[in-house]
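Subject: Structure handover

Hi,

Here is the structure I promised you. Please open it, then read my notes below.

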Amino acid sequence: MEGQASRLAQARDWYLQAVDSIPDDGWDKASLCEGWSARHVVAHVATGDKLVRGLLLDALGRDRSGLELPTDFADRQRMIQEALTWEPAKLKETARSAADNSVALIAEVAEKAPDTVVTMPFGVSPMPVLRALRLNEYIIHAHDLSPATGRRRPVPTWFLDRGLTETVTLMQRLHLRSPHKGKSATFHIHRTDGEGEWVLRAEGGTAVMSQGHDKADVALRGPGEGLYWVLMGRGKPEDNGVELHGDPVLATAFKEWFPGP
């Protein structure tokens, strides 16, 4: 668990470096998250950290009074709207404290109570899933801040080498939100600049991931970073060096089958 918590902390730090790099005139610039400014992205991540911390405390039966943590999705939206009115210095401070507190609690629970299950707005999440969700949030939204910071940083090598399998695994949960839930399709994902082959099988309302090579309706083949941004819905395959093979209609609809995060 120590290694897992350390990777989460590294992702947090990578995200906070992006936040710290936003100039004063960059906060209202558009982000890579459609319809959101940099200010929206930071408010979203900070309130997400606070929500996770609050729900973890609830799962542990600990007192959350006086901590100003959202109780549900609607309360989180209220806090986002409030944060959008803050000065950059306050947003930066809140982003750091919310992330630090969230990561510290996740690490503690992963070590001392690893069987804890947290009831999130979209369903229940065991600790490995919860940790993966936060880790991906930090990586994705640091990338989303690129227009505001004026530079695009490559995804950390340690993340691609160790976290791409976890990211593909996350697709199983994302399928639960799909308008195609209940239909059947298979997707083969093949990393070309390192180790990694996976197959996602959607059938009967669920999706299952297996490692290794197998036949599928669609194949996505490309470098680790390119695959990551396609999987996360942050770029088109052709713009990220990812080749598509098989059913062309199904291939271009990948994010319909695995929407989010």
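Start with Arg-191, which counts as buried at 6% relative accessibility. Keep in mind that this is a predicted model.

The side chain of Arg-191 forms a salt bridge with that of Asp-161, at 3.5 Å from N to O. Asp-161 sits in helix 7 (residues 157–174) and Arg-191 in strand 3 (residues 185–191), so the bridge ties together parts 30 residues apart in sequence. Asp-161 itself counts as exposed, with 53% relative accessibility.

Next, look at Asp-49 and Arg-134. Their side chains meet in a salt bridge of 3.0 Å, N to O. This pair links distant parts of the chain: Asp-49 is in helix 2 (residues 38–60), Arg-134 is in helix 5 (residues 127–144), and they are 85 residues apart. Asp-49 is buried, at 1% relative accessible area. Arg-134 is buried too, at 6%.

Then find Arg-62 and Glu-108. Here the salt bridge spans 2.7 Å, N to O. Arg-62 lies in the loop between helix 2 and helix 3 (73–83), while Glu-108 belongs to helix 4 (residues 88–112). The two are 46 residues apart, and again the pair links distant parts of the chain. Arg-62 is partly exposed, with a relative accessible area of 37%. Glu-108 is partly exposed as well, at 26%.

There is also a network. Salt bridges link Arg-12, Asp-13 and Asp-100.

How many salt bridges does a search of the whole structure find? The count is 17.

Best wishes

Key
Residues are numbered from 1 along each chain as its sequence is written. This is a predicted model: local features need pLDDT of at least 70, side-chain atom pairs count only at pLDDT 80 or more; totals for chains, interfaces and linings use all residues. Side-chain values use heavy atoms; hydrogens and water are left out. A salt bridge is a side-chain nitrogen of Lys or Arg within 4 Å of a carboxyl oxygen of Asp or Glu. Helices (H or I, at least four residues) and strands (E, at least two) are DSSP runs, numbered from the N terminus. Buried means under 20% relative accessible area, exposed over 50%, partly exposed in between (1.4 Å probe, protein chains only).
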